[in-house]
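Student: I have a model open and would like to walk through it with you. Can we take it piece by piece?

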Amino acid sequence: MSEFSKERCLSPIRLLVIESNDPGSTPIGEVLARSGSEPVEIERAASVAEAVQRLERGGIQVALLDLAAAGAEGLKVLAVLGKAAPEVALVVMTDSADESAALDAIRRGAQDTLIKGQAHHPVIQRTLRNAIERQAIRADLIRARASDHFLVTHDRLTLLLNRSEFRDQLHANLRRAVRDRIPLALLFIGIDRFKAVNVSLGRSAGDELLQEVATRLTESIRISDVVARVGSDEFVVMLHSVTREHGPAKTAQTLLESLARPYQISGREIWVTASMGIAVFPRDGKTPEALIRNAEAATVAAKAGGANRYHYYAEYMNKLTAERFETEERLRHAVEGEELLVYFQPQVDVSAGKIAGAEALMRWMDPHRGMIPPNDFIPIAEETGLIISMGEWILRAACEQATRWSQDIQVGVNVSSRQLARKGFSQVVARVLRETGLAPSRLDLEITESCILDTGGLTMATLISLRKLGVRISIDDFGTGYSSLIALKNLPIDGLKIDRAFVRNIPADQGDATITRALITMATGLGRTLIAEGVETREQMQFLYAEGCQLLQGYLFSKPIPAREFASYLEAEKAPWAEILEDLPI
């Protein structure tokens, strides 16, 4: 038994009750006095001013504030009481089960709340004892900041609890949750695309972002809750006294909204989002390790679902997490073990009836699981940084294949934000061109609009260097990002690719049809080459051709195919899709 627990059992609660003389209710002190189950030394104050005077003299452990005694100031008086006696725990008594008012009270410094008329002596005593204990823990943490112990138990960058100390506190709180039969919830928080910030803006900017995230998390939760940094870009929040199933979800939504606000980092405005997983004790785990593991698994599921969202834990998520880690490990071996393949999808000039170019696409043939879909491994490669080596591999493979083709057509290669932000990327491209012998004018590097936003000022310098080499640059997924017309006009780019999201429903969807017309007009006016991707029907082909877009790519003509099969397409006298082009007006 701890020293605090011994003192708790032996000493009476020293309570200051701040309540109005309401003739319609029983004074809280009288309720406690009747119980006789545990000694309570009660003092009373009829006003906030009187309470402050008493608190300043010391000797009080917990103050119970009846909001009716606060008058028009309401919960604002909590700050006054807290300033008068920072070591005293504060509990607020309200007239109704107003959840928003209770949360507001806790955010303003109260350790807990009670509902007048529903608080019986066991509930009151347990609430007071818990409030005193939490306040003591908080006071210990404040004192620890001035000691070496703080450095051992806290993360030095964010000043939050570190993983080890959080696990210890979680263990203690689980015992308390069992004793009081009150559920406890864990929120595991992962910052989306944090590595892109580190790569594009530098580690110091990443550290500054983490500090701001820590501040927002701390400001958005109750004082009684606990937040810790448990990984490079991972945080966890322990929610005390969860009384409703949707309580953790409300907190998660509040945190998502707070973290999604723009950040001022190193003189720049940036946006990041977070993904969160929720695990509830005891349903989702009865040990600290199980709760943390399952909350993290739910975070992985949230990221897989598109990020900037939260998920409650479910048993199947552990399997998903295990599969993801297995995929990551196998992917590392794939890069070294020559399991990656390059496929090509033709880009057809429908007016000339011939292949004008091809996009190189990465495929992974796992020896145990067969062909792995790109959506299952490209995001993992981006997150882990494997995309750097994989990107250079496909660049080299595409250039080598293009030198063997019977026609001098262009080959498009996708470039990730992590590649573009990496110093020396233009030198990598120059070396690959030199070693493979491909003419620079035949290489078309495809970057996305979001890639431009991610890498900021580094983009322009890199693009200029690439243009000096003589390679072409195109914006992929055009229309889905937020680049302004002025930025588009000033960027050193040669081509635009209309995203498949706009092509999918034309010509039936009038909205998509109108947007596509505008994109075609814009590209033509700026003198940029335009390709529409995702073309799957003759109706789409006819619409795009009629509107002035003649370079098309999609399953209507060919799915992505192996290098040898694509080379045979180039050598054939008649393309497989020749009959399709007969539908177009001459």
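**Around helix α23**

Tutor: This is a predicted model.

Student: Which residues of α23 are buried?

Tutor: Asp 512, Ala 513, Thr 516, Leu 519, Ile 520 and Ala 523 are buried in α23. They cover an arc of only 125 degrees around the axis, so they sit on the same side of α23.

Student: And which residues are exposed on the other side of α23?

Tutor: Gln 510, Thr 521 and Gly 525 are exposed there.

Student: What span should the 16 residues of α23 have at 1.5 Å a residue?

Tutor: Helix α23 covers residues 510-525 and should span 22 Å. The C-alpha atoms at its ends are 22 Å apart, which agrees.

Student: What happens at the start of α23?

Tutor: A side-chain oxygen of Asp 509 comes to within 2.9 Å of the backbone nitrogen of Gly 511. Just after the helix, Gly 527 has a positive phi of about 75 degrees.

Student: Which residues other than glycine have a positive phi?

Tutor: Leu 159 is one of them, with phi near 65 degrees. Arg 193 is another, with phi near 55 degrees.

Student: Where do Leu 159 and Arg 193 sit?

Tutor: Leu 159 is in the loop between α8 (148-153) and α9 (163-180). Arg 193 is in the loop between β6 (184-191) and α10 (194-201).

Student: Why does Leu 159 count as partly exposed?

Tutor: Its relative accessibility is 41%, so Leu 159 counts as partly exposed.

Student: Switching to sheets. What is the order of the five strands in the open sheet?

Tutor: The order is β2-β1-β3-β4-β5, with parallel pairing. At the edges are β2 (40-45) and β5 (112-115), each pairing on one side only. On average, neighbouring strands of this sheet are turned by 25 degrees against each other, direction ignored.

Student: How many bridges join β1 to β2?

Tutor: Six bridges join β1 (residues 13-18) to β2, and the two run parallel. Val 17 has Arg 44 in β2 as its bridge partner.

Student: Which helix lies across β1, β3 and β4?

Tutor: That is α5 (residues 77-84). It lies across β1, β3 (62-66) and β4 (89-94), and runs at about 155 degrees to β4.

Student: Last one, Gln 347. Is it buried or exposed?

Tutor: Gln 347 counts as buried, because its relative accessibility is 8%. It is in strand β13 (residues 340-349).

Student: What does the Gln 347 side chain join in a polar contact?

Tutor: The side chain of Gln 553, at 3.0 Å.

Student: What else is in contact with Gln 347, leaving aside neighbours within four places in sequence?

Tutor: The contacts include Lys 354, Ile 355, Glu 359, Glu 446, Lys 497, Ile 531 and Leu 552.

Terms used:
Residues numbered from 1 in each chain as written. Predicted model: local features only at pLDDT ≥ 70, side-chain atom pairs only at ≥ 80, totals over all residues. Heavy atoms only, no water. Helix = DSSP H or I, 4+ residues; strand = E, 2+ residues; numbered from the N terminus. Expected span 1.5 Å × (residues − 1). Buried < 20%, exposed > 50% of the residue type's maximum accessible area, 1.4 Å probe, protein only. Arc of directions from axis to C-beta. Polar contact = N/O pair within 3.5 Å; in protein donor to acceptor, adjacent residues only side chain to side chain. Pairing = 2+ DSSP bridges. Axes fitted to C-alpha atoms, helices over the stretch in contact; angles between N-to-C directions. Contact = heavy atoms within 4.5 Å.
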